[in-house]
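Hi everyone, thanks for coming along.

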Amino acid sequence: MDESMIVGKNHLRVDAWEKVTGNAKFTNDYTAPGLLFARLVTSPFAHAKIKSIDTSLALKLPGTKAVLTGQHFPFLTGSLLKDRPVLAVEKVRYHGEPVAVVVAKSDHEAKLAAEAIQVEYEPLPVVNTVLDALAEGAPLIHENLGMYKVVKPAAPEPNTNIAHRQKIRKGNMEKGWANSEVVVEASFSYPKSDHAAMETRCIRAQISAGGNVTIYSASQSPFVIKKLISRYFNVDAGKITVHTPFVGGSFGGKAAVCLEFIAYMASKAVNGKEVKLVISREQDMLSAPCHIGLEAKVKLGCTKDGLIQAAELSYWFDGGAYADQGLAIARAGAVDCTGPYHIENVWCDSLCVYTNRPYATSFRGFGHSELMFAIERAIDMMAKKLNIDPLVLRQKNAIRAGNTTPTQVVLTRSNIGSLIKCLSRLKEIINWDEGARIEIDENKVRAKGIGCLWKAPTSAPNATSGAVLSFNNDGSVNLSIGAVELGQGTKTVLAQIVAERLKMDMSKVHVTMEVDTRTNPEHWKTVASTATFMVGNAALEAVKDVIAQLRQVGSVALRCSPEQLEVGYEKVYLKHNPNIFIEIKDMAAGFMFPNGNAVGGQLIGRGNFIMQHLSHLDPTTGRGVPGPTWTVGAQAIEIELDKRDFTYKILRAASVIDAGKVINYKTAESVTMGGMCMGLSIASQEGFQFDSNGLVQNPNFRSYKLMRLTDIPEYIVEFVETPQIDGPYGARGLGEHGVIGIPGALANSLSIAVGGELNRLPLTPENIWKQVRGDSK
Amino acid sequence: MPEKKMYNLYVNDEEASVVARPSDTLLHVLRDQLGLTGAKPGCENGDCDACTVLVDGKPIKSCLMLAIEAEGKHVKTIEGLKNTRIQKAFVENWAIQCGYCTPGFIMNGFALLNQHSNPDSETINDWLSGNLCRCMGYAEIKAAIKSVMTSDHADKSS
Amino acid sequence: MISFDFDYYQPCSIAEAVSLYHQLLAAGKLPIYYAGGTEIISMARMNQLFTKAVIDIKTIPECNVLHVEGSKLVIGSAVTLTQIEESNLFPLLSEVSKRTADRTSRNKMTIGGNISGKLMYRETVLPFLLADSQLVIAGNNGFKTVSIHEAFNERLHLQSGEILVQLITEQSYSTLPFKTVKKTKQSAIDYPLLTLAALKKDGQIRAAFSGVCRFPFRLTEIEKEISQNQMVVDERIDRALKLFPAPILDDIQGSKEYREFVLRNTLVEIIEWLEGVS
């Protein structure tokens, strides 16, 4: 086996056979005699006082074991801003907010009991949009905002509906505008939508007589669940074990910890018996946190020859009723507010705004597909005004090593990669030179649009990860990690990294699939496309540790110095004479000499990783280091539009992303195509539809539509490889990125096709028709 | 207590006795009583096809069928497929990410290839138009189906 | 998960089904007939429907026929939509059917269920309205055959306990030129923004609509206007639109204004196409 026999190769997914046979177990796939079931009662109003909750009928039903309401949870939760009761107290703030939970002997009895709970509400004025929320005299969604507990960097503004404001002040705006010969200014709208993972959220909880808490959750954050259960319920962290089996898609939505608190309390209410909290699709969409929306105002100033001089950006993220990660998204949106363009003078206010809508948490891209939609549309509008090719305008301004980001990080080739290369390659593969707009016939026009992307993972500055290697008596290795398999292929990629460094066949690397917080080393959370970077580095450390041990023990066994030994092919062997070796299987539990003497003991490799050199952002300027690296890329969409009715087909979708190093092209391509498809879905048809009372009109897949197999374009996915020096084998984060530039690219292609400016998503034929006609709503 | 009834189902070529309410869906009975959790509840409203099983060879959303309706019929779930070419094709075409929608796709694809050994694109689209996948761009799934199709004959095994 | 309980009956004959219905009704069981059941299960899950007894008519032989008898096409009410498509005995119906829901659903959905269901679209009724089909309905007094225009007005009107057994259509309608267009908000698998089905008989255009108003309909007055081929198409459409039987829908599938825009376009497309064929 030569170097790079495994990394860079298309290894089949290690979980594939489990998943094509129905064997792969998800949280909801478990049942047992005696298991109890919990169901939620949720609010039918977007904003209302709770006048009374009558649980008597529900409690009379024979299967009912317990009913809990907000009074049983005397605390507020939230990741940075503690603003959310576990179950609504005194008032509800969004349609679908959990108000009560019932526990019963069977799922159907739980559902019956939930339906029997009678809640009396008194409707309150509804704050239905971000603009309503920011208007003078708007009703306050959180009257006590000033009294909530806050963790840095959260900065809520009391007596308003602003949960957080992140400022970016870079350069000198006066100078920027003075140098600008052409100015473009426009508003953009990206609706609130849903993660729509195919597996709805599900949690099981039990508490043993000895006080041990066991939780199973379809989660991206099992270690965070452990911490929070410990914190809110005063349980020793060591007594809590969180398990996460396979997760049926998440896209950020299962990073939030919310329903786990309910499940824990539900179990506690029935003497610790195991309780499964089942969430319907409607509740998954409404009650659990959703995908943030954005209203944006962008003003760009540019010289006549197309060098951007100034950007003034107002991002109003629609966080919904509670801040959760919406606040961090507003911060991340500020961090990368300009898109991947070099701009010296930047003013940005990025707000997380409360509305009476389902609350938002992280979503694939963490605010970036939203802000990039606004930026990429504005860039195309600028190109049109300047009469410059939009691809050329992007090339001219593409950010690169030596430039600074909005938070004034000086970029290097390692941490920014090459957007220029991505754009050049994109230009070729989409045949840009044939023209962005081609008339097909009287009714049909074909058009191409471009959208760039960038994103830094904005983790906690001390986010950490670990890996432990142990060995079996056949010489194969077990990789124990805390990252969750969400579908992204992380277990396969991490196995490849270990196999490569050990020069071992992939079939000899066994990765733990289910995460168990008691036995797996902690991984911060499986978010932000950081698992390969963080866990990969930890795994390499663990391999390094194991190799050192193998050399040490090998040197005793083979009577040489450790430096003379090499590890690979399941052996420890002399570099200069590989015929002299010991098999790892004979060292896995210690090496025994023929006479019975033993040395070494079990081989256990240990590796860890912690983020380095990250810093908090200055609250007045935003200056600071938000993440270790950026991933950049360029994307394009080609559509064919019927000019009569604005229906269209998506013909081609292309992405060129700087991946640093592609560990497994097939999984990288697949996750990128998935992101592209999701971006097309969001931009072409998704979004909650609210009535004037703030009620969601499309809370399930009957009315909330996703892309289907029938709708897909031809995909072209390529990667540029500018190594990230501190990444495993040079790999950059890759996962979310496929989605980021797509809404902008689709809107650009359709804007070119209709010859107008389509600045409001989703681009359904009706919405295009309205925008072309100039309707304001 | 609800009125439960005992009746027999014929699942994956085996007879199975179940005790269920007449208003229980086939999906719940397969999962909760028979431990066949390959059929997934994605929406329980007939909108996602993650719970697709074959009933007398036809793909059916098991969330929109009462279990009692299946009495006397042959039900086949993903667990009833053993080493079929379509399963292999999904593995080899990376047509899986989280795996939650996978059984539903495979059941529809399996039935499709049994009925049409060489379906055109329109037929593939029609048969798989009910299946939602949120992770992938669907291209791998299409490729997996096509790879089975181009290898001369449909998957008749199991 | 349906939270309430009901009994399930599977009668083997129409007579048994009807008598069962009346017994259950008298016993306060609020019985409903059940065929494909897709709509019933979905509505029951959301408590939009309640019953203590369902009577599954799928095993009744008369409800399962799908054949041509002499000059007539007979379709049993429990025949599934995919069976109808695969037989393709009535191409216009096949086309409309194929655009209803997704295929896996149509493996379960029945023609009778779609036409007599609670959802307002009932798209598969359109071809039968155009073909002046006959409905066979069974009740306490045995079978009766009535014109669809008599029994279907906005929705299917049945007396308590009556069952739609069969739909009978003159075979000659299967060979007439037709056109059907379904438009949706965006996704092809969705309720209609509008569905139009049209055919040409004796030089006259017949057109039926679903998704435009809160019920499906066919009106001869509208057909007269759109068939006036001495007049320009736009003017015919203007006149026809004045005759629509109810306000144009304004809902999450589309606004009233947009529906009207799409309706006009679609009517132009259909009229021009049908006038182009002989």
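How many residue pairs are in polar contact between chain B and chain C, counting pairs with both residues at pLDDT 80 or more? There are 20 of them. Please keep in mind as we go that this is a predicted model.

Let's stay with chain B and chain C for a moment. Chain B brings 30 residues to the contact and chain C brings 26 residues. Together they bury about 2,300 Å², and carbon and sulfur atoms account for 52% of that. There are also six salt bridges between these two chains. One salt bridge joins the side chains of B:Lys61 and C:Asp102, with 2.8 Å from N to O. On the chain B side, β4 (58–61), α3 (102–115) and α4 (121–127) each supply at least two of the residues that touch chain C. The element that gives the most there is β4(B), with four residues.

Now, how confident is the predictor about chain B? The average pLDDT of chain B is 93, and 94% of its residues score at least 70. There is a stretch to treat with care, though: over residues 152–158 of chain B, pLDDT stays under 50, and the model has 20 contacts beyond four places in sequence for that stretch.

Next, please look at where chain A meets chain B. This contact takes 56 residues from chain A and 51 residues from chain B. The two chains bury about 4,400 Å² between them, with 60% of it on carbon and sulfur atoms. Of the area that chain A buries here, A:Val20, A:Met198 and A:Leu709 supply 18%, more than any other three residues.

What about charges? Four salt bridges are found across the interface of chain A and chain B. In one of them, A:Arg702 meets B:Asp47, and the closest N and O atoms are 2.5 Å apart. The side of chain A that touches chain B draws at least two residues from each of α1 (16–20), α3 (107–116) and α16 (665–685). Here α16(A) gives the most, with nine residues.

Last stop: a sheet inside chain A. Five strands form an open, mixed sheet in the order β9-β18-β17-β16-β10. β9 (162–170) and β10 (182–190) each have a single partner strand, so one side of each is left without a neighbour in the sheet. Staying with β10(A), nine bridges join this strand to β16 (residues 293–302), and the two run antiparallel. Within chain A, you can find A:Ser189 opposite A:Glu295 of β16(A).

Key. Residues are numbered from 1 along each chain as its sequence is written. Chains are lettered from A and ligands numbered from 1 in the order in which they are written. Side-chain values use heavy atoms; hydrogens and water are left out. Two strands pair if DSSP finds at least two bridges between them. pLDDT is the predictor's confidence in each residue, from 0 to 100. Contact means heavy atoms within 4.5 Å. Buried area is the accessible area (1.4 Å probe) that two parts lose on being put together, summed over both. A polar contact is a pair of N or O atoms within 3.5 Å; within protein, one must be able to donate a hydrogen and the other to accept it, and residues adjacent in sequence count only if both atoms are side-chain atoms.
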